Amino acid sequence: MVAYYEICFALSVVFLCTYFLRMNRTHDANLGFLFVLIAVSELGALMRMTANTVESAVLGNKISYIGACFLQLVITFTVFSLCRMRVPRLLGGTMLFIGMGIYGMILTNERTWFYYKSVDIVKMNGVTVLLKEYGPGHALFYAMIMAFTALNVGILIYGIIKKKDASVKNLQLVLGLELVNIMFYFIQKFTSKAIDITCLSFVVTAFGVLLLMDRIALYNIDNSVTDALLKSGELGCFSFALNRNYLGSNAMAKKWLPPLGELRADTPIPEDTGEKFYQRIDQWMNAIDESKDTMSFYYIQDGVKYKFVGGYMMDGTRKRGYQFTVSDYSREQKYTDLMQNFASELEKEVKEKTEHLEEMHDRMVLGMAEMVEGRDYFTGGHIKRTSELVRILVNAMREDPECTLTDDFCAAVVKAAPMHDLGKITVDDAILKKPGRFTPEEFEQMKSHAKAGAGIVSKILCAHDEDEVYFAQIAENVAHYHHERMDGSGYPEGLAGKDIPIEARIMAIADVYDALISKRCYKDSMSFEQADAIMMEGMGSQFDPGLQKVYEKCRPLFEKYYSEVAV
């Protein structure tokens, strides 16, 4: 029977050594305590079962109780970690206090009766068995074990059901180990006192955790990522205590930043060395104190740009120092510059293509307008001249400090001017090319060009972009309403006053002025004075009186323009 305990102890030692050989920073530190406690408990059980005196048996029993009292506590911390939850400080402190209290009773059982009333030994099947008369304290031990086990099972079930960021399979496997331990406890009740089934349950637990440790570490994302970055050689780390004493740095940080290699642990940053890096570190720590948050810094050393991320080094909620990570920012900077250059070139190319398309679009519209004008033998050059008049009027309006029109609006009106007579394409040639005055019926057909023009412009400039919609509406208004009058006697809708869009009111002045100055089949060209008299007479009835001041300002420019072009 002694061989059973020797094998259990030997296996626990093998599992403990295997853990330490395979251990790395991605493994949960609680697992190390678990393997140590199991090995200690197995040692205690072996000492107890091979003891020849009551004193040595009791000593072995005390050692074995180390695992019994504290193993479930370690398992609880592991379970919380697997569920990606923090152990509440009050809960952790209470569990530790209970475990130490009960273990304290066990340590003093020779002097008190609270845990064991009496202890003796007897040999059974070649092993030493403690004959114990339990006191009330032993009931507390069982209550502790059952409470800790119930807590662990409850947290595992909660994690399986509720915690989306925890591995369900890992939690299920650990829950299975807990249930196996519960099963071993009940088996112990029906077996010989010479065989301690708890030893076997500890070995099974250690073996199960050994199989799971790599899988558990796989889900320790924080440590896995940090470990991968450190091993990649692309991340340096160094830290200082709150009193500004140097704590240490890894090899990559020292390679990139040689001044770190000159610092000695537990010593402050040296003063008056002339080393700018030390001064910069001190400034960064001051910045962290002011912001109380993680911050990014940049530093150039030997022509290489480094990026630093600094913040407080925390122990739970307690600040312990300053932690900095450093990475070579040169490649990232080159990539950023490359992307910025690419974006800039792409933006330039898109802008050029857009301007080219807009130019083609404008030429197409102007070409259509000239094509329509070409059907009318008697209004040659009207589109070009009225467009110039609109430009002169709009420029004068923009120079007025009281003008509320935007630059975009003014540019759109000038661009829309050539489209004002597109509707004439729907008028019959016999009417459009008639050399004399129109009959009332013919004039009604001619008036239809305004509304038809609005429809044509709307179809041509069918837009989805916000800027395009804005221009399309202005161009449509120019075509539709440029024959409306302020007194409401115009066409095609009979609008009056401010109901007529401002762009159409501007177009009306240019359209009528050109008609007066130009020669037609039914009239000769008028002098500047005659045309101006008619224009001024129409202010308030035909034209917007608010534009009179603008017209008067532009009249010399109109006359100069018509003096230079053939009409």
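**View 1. Cys69 and the cysteines.** Let us start with Cys69, which is buried at a relative accessible area of 1% (buried is under 20% relative accessible area, exposed over 50%, partly exposed in between, using a 1.4 Å probe and protein chains only). Cys554 is buried too, with 1% relative accessibility. Searching the whole structure turns up zero disulfides, a disulfide being a pair of cysteine sulfur atoms within 2.5 Å. Please keep in mind that this is a predicted model, in which local features need pLDDT of at least 70 and side-chain atom pairs count only at pLDDT 80 or more, while totals for chains, interfaces and linings use all residues. Residues are numbered from 1 along each chain as its sequence is written, and side-chain values use heavy atoms, without hydrogens and water.

**View 2. The largest nonpolar core.** This core has 56 residues, and Phe35, Tyr65, Cys69, Ile102, Tyr115 and Phe141 touch the most other members. A nonpolar core here is a set of buried Ala, Val, Leu, Ile, Met, Phe, Trp, Tyr and Cys residues joined through side-chain atoms within 4.5 Å. Among the elements giving two or more residues are helix H1 (2-22), helix H2 (29-49), helix H3 (54-82), strand S2 (127-134) and helix H5 (136-162). Helices (H or I, at least four residues) and strands (E, at least two) are DSSP runs numbered from the N terminus. H3 gives the most to this core, eleven residues. A second, separate core of 45 residues includes Val394, Ala416, Leu461 and Met535.

**View 3. Around Phe35.** Leaving aside residues up to four places away in sequence, Phe35 touches Phe15, Leu16, Tyr19, Ala206, Val209 and Leu210; contact means heavy atoms within 4.5 Å.

**View 4. The largest pocket.** About 1200 Å³ of space lies in this pocket. It has 42 lining residues, with Tyr142, Tyr185, Gln188, Asp196 and Thr198 the closest to its centre. H3 supplies the largest share of the lining, eight residues. On a 1 Å grid over the protein atoms alone, a pocket is an open set of points with protein on both sides within 12 Å along at least five of seven lines, a cavity is a set where a 1.4 Å probe fits but cannot get out, and lining residues have an atom within 4 Å of a point. Grid points are joined across faces, edges and corners, and a volume is the space filled by probe spheres set on the points.

**View 5. The largest cavity.** This cavity holds about 130 Å³ of space. Its lining has 13 residues, and Leu34, Ile75, Val174, Leu177 and Val209 lie nearest the centre. H2, H3, H6 and H7 each supply at least two residues of that lining.

**View 6. Ile474 in helix H17.** Ile474 lies in helix H17 (residues 466-481) and is buried, at 4% relative accessibility. Its C-alpha atom is separated by 7.0 Å from that of Ala412, 62 residues apart along the chain. With residues up to four places away in sequence not counted, Ile474 touches Phe409, Ala412, Val413, Ala416 and Glu503.

View 7. The peptide bond from Tyr491 to Pro492 is cis, with omega near 10 degrees, and Pro492 is found in the loop between H17 and helix H18 (502-517). Arg84, not a glycine, has a positive phi of about 55 degrees; Arg84 is found in the loop between H3 and H4 and is partly exposed at 35%. Lys292, also not a glycine, has a positive phi of about 55 degrees and is exposed, at 58% relative accessibility.
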